[in-house]
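Hi everyone, thanks for coming.

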Amino acid sequence: AVDQDQVIGRQALLDIANFLASNGQHREAALAYEKYIRHYGTSPQAEQVMLMVGLLYSRYLGDPQKALSYLKQAQGLLCDLAQKELCQDEIRRLGG
């Protein structure tokens, strides 16, 4: 039997999610990033992962409500000015 609660290491999960996203497997990437957030939501990269998930749901998966949820979480946590601006622009574009 497979334990659905098991998760691989933080960096390995992030590498897999990034690989999926870069290969156009947007739904699978979003699921991997969401798993990362569930298990490693306090990591130093969590806000960047939230931004990425928000962008995936906004631009590729057609779910603006889910996108806004992740983007608004990321907005308050991002420190990088370019990423923060990207996040704010996407929120505005979605009408949030």
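Here is my opening question: which residues are linked in a network of salt bridges? They are Arg-59, Glu-90 and Arg-93.

Before we go through them, a word on the source. This is a predicted model, where local features need pLDDT of at least 70 and side-chain atom pairs count only at pLDDT 80 or more, while totals for chains, interfaces and linings use all residues. Residues are numbered from 1 along each chain as its sequence is written, and side-chain values use heavy atoms, with hydrogens and water left out.

By salt bridge I mean a side-chain nitrogen of Lys or Arg within 4 Å of a carboxyl oxygen of Asp or Glu. The structure has four of them.

Let's take Arg-59 and Glu-90, whose closest N and O atoms are 3.1 Å apart. This pair links distant parts of the chain, with Arg-59 in helix H3 (residues 46-59) and Glu-90 in helix H5 (residues 81-93), 31 residues apart. Helices here are DSSP runs (H or I, at least four residues), numbered from the N terminus.

Glu-90 also meets Arg-93, at 2.7 Å from N to O. Both of these lie in helix H5, three residues apart, about one turn of the helix.

How accessible are they? I call a residue buried under 20% relative accessible area, exposed over 50% and partly exposed in between (1.4 Å probe, protein chains only). Glu-90 is buried at 3%, Arg-59 is partly exposed at 45%, and Arg-93 is exposed at 53%.

Finally, Asp-89 pairs with Arg-92 in another salt bridge, with 2.4 Å between the closest N and O atoms.

Technical notes
Helices (H or I, at least four residues) and strands (E, at least two) are DSSP runs, numbered from the N terminus.
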